[in-house]
Amino acid sequence: MRRVIGHLDVDYFYAQVEELLNPSLRSKPVVVCVFSGRTELSGVVSTSNYIARQCGVKSGMPISKAKKLLEGKDAKFIPLDIEKYSNMSEKVMNTIRQEIGSVEVVSIDEAYFDLTEASGGEFSKSKEVALKLKEKIRSTTGLTTTIGIGPTKTVAKMASDMAKPDGLLVIDDLIAKEFIGKLPVEKLPGVGPKTRKILNDLGISSISQLASTDPTLLYKKIGKKVSIKLFRMANVIDDEPIKTGLSSEQISKIITLKSNTNNEKQIMQEIENSIKAIQEKLKIKDYSFKSLAIIAITDDMKMHTRTKTYPFYINDITLVKNDIERLFAEFCKSSDRLVRRAGLKLFDLGKIRRQESISYYLGASDVS
Ligand code: DGT
Ligand code: CA
Ligand code: CA
């Protein structure tokens, strides 16, 4: 299936949160400031709303300069309050997690998520899913966001950068390379003024030029790692997966075995009730899972895990008992210690509306 990746970025984030909490700010230039405290005016602009941006205000600019640009415009200068924004950020990320399944949080207002499942690998369908997500975030938090969609994380991020604010841009895999090829190299995430200059000096100004440059020619100037990375990005062959953080929700249960063992059949018997309890929890929370891990604590008190990730969501853990047994068997075979405590952990959890059919699962159960 074609990979469909989404990237979400909250519009003028800190300033938008300030507007939400005080709607009277909406019609005015709003500047969120990092006051350094030396004098009343010292410090820099963190961000500003679009009214202030139209007057030339930019992130990182001295507050004194922003004040000059906004003189006589009834502008509001608000001190940064990271706790407010973190709380809002969490709500946004949880909404994505609930709607899409899993999320890779990359900054306070940005996240990647895999839309392959939700869209069945169809870029046209992913647009509907993304619109729904935007609407859900708007209704639960009040915030407007921009979503970019593409075949790679890089293209998805470039798409959301281009579609700000309150936008949605889908760059289909069939046109992605050509589409980004026309843009200047500095539009690639991670290419700052320094790298841009080096590339420009070598006669590389567009992404398509970069895509057709042998990366070994760049090793000397920007290093092997960066050269290869940029080459892959420019050719839309960077297939970095979505990394869902440890902070994501998990369901787990672990018990002490009646006696230490290296027999997976005995372990399976003893964790039967744990499997039932986990299934009950899945049902109550209306969750499905994509990944499971077995946990084995050996008689030297070391903890070991073996993980399996499925290419789809499963809402009934009893369907995968064979896999659980196989993972325990693999572990027992590989370990010369006895297992003292055993358990399970489900992660990559999500609420999905579409029920995977058992036959589909059985047909695909060997996919690792
Ligand atoms: P956008 O995405 O262009 O609509 O506007 P923002 O404000 O959301 O910009 P973004 O996504 O680059 O950054 C997210 C937040 O990070 C932003 O609301 C404030 C903070 N931030 C961004 N740039 C700077 C900076 O140069 N200095 C400081 N202190 N904070 C910044
Ligand atoms: Ca933003
Ligand atoms: Ca951002």
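A: **The ligand site, step by step**

Let's start with a metal: the calcium ion (ligand 3) is coordinated by OD of Asp9, OD of Asp109 and OE of Glu110, at 2.2 to 2.7 Å. Please keep in mind that this is a predicted model. Along the sequence, the donors of the calcium ion (ligand 3) follow the spacing D-x99-D-E.

Are Asp109 and Glu110 buried or exposed? Asp109 has a relative accessibility of 12%, so Asp109 counts as buried. Glu110 is at 15% relative accessibility and therefore counts as buried too.

Now turn to ligand 1. It is surrounded by 15 residues, and the closest are Tyr12, Phe13, Thr47, Arg53 and Lys164. By class, this shell has six nonpolar, four polar and five charged residues. An oxygen atom of ligand 1 lies 2.7 Å from a polar backbone atom of Tyr12. At Thr47, the side chain has an N or O atom 2.5 Å from an oxygen atom of ligand 1. For Lys164, the distance between an N or O atom of the side chain and an oxygen atom of ligand 1 is 2.7 Å. Taken alone, ligand 1 exposes 600 Å², and the protein buries 70% of that. The elements that give two or more residues to the shell around ligand 1 are β1 (5–10), α1 (13–21), β3 (43–48) and α2 (50–54).

Tyr12 has a relative accessible area of 15%, so Tyr12 is buried. Tyr50, at 28% relative accessibility, counts as partly exposed. Phe13, another of the residues closest to ligand 1, belongs to a cluster in which ring pairs link Phe13, Tyr14 and Tyr85.

What kind of peptide bond joins Lys164 and Pro165? It is a cis bond, with omega at about -10 degrees. Most peptide bonds are trans. Pro165 lies in the loop between α7 (153–163) and β8 (168–170).

While we are on backbone geometry, here are two further places to look. Asp74 is a residue other than glycine with a positive phi, near 55 degrees, and Asp74 is found in the loop between α3 (63–69) and β4 (76–79). At 46% relative accessibility, Asp74 counts as partly exposed. Val236 also has a positive phi, of about 55 degrees, although Val236 is not a glycine. You will find Val236 in the loop between α12 (224–234) and β9 (251–261). With 18% relative accessibility, Val236 counts as buried.

Methods:
Residues numbered from 1 in each chain as written. Chains lettered and ligands numbered in written order. Predicted model: local features only at pLDDT ≥ 70, side-chain atom pairs only at ≥ 80, totals over all residues. Heavy atoms only, no water. Near = heavy atom within 4 Å. Polar contact = N/O pair within 3.5 Å; in protein donor to acceptor, adjacent residues only side chain to side chain. Areas by Shrake-Rupley, 256 points an atom, 1.4 Å probe, with all protein chains shown as cover. Helix = DSSP H or I, 4+ residues; strand = E, 2+ residues; numbered from the N terminus. Nonpolar A, V, L, I, M, F, W, Y, C, P; charged D, E, K, R; others polar. Donors = N, O, S within 2.8 Å, 3.2 Å for Na, K, Ca; no water. Buried < 20%, exposed > 50% of the residue type's maximum accessible area, 1.4 Å probe, protein only. Phe/Tyr/Trp six-rings, centres within 6.5 Å; stacked < 30°, edge-to-face > 60°.
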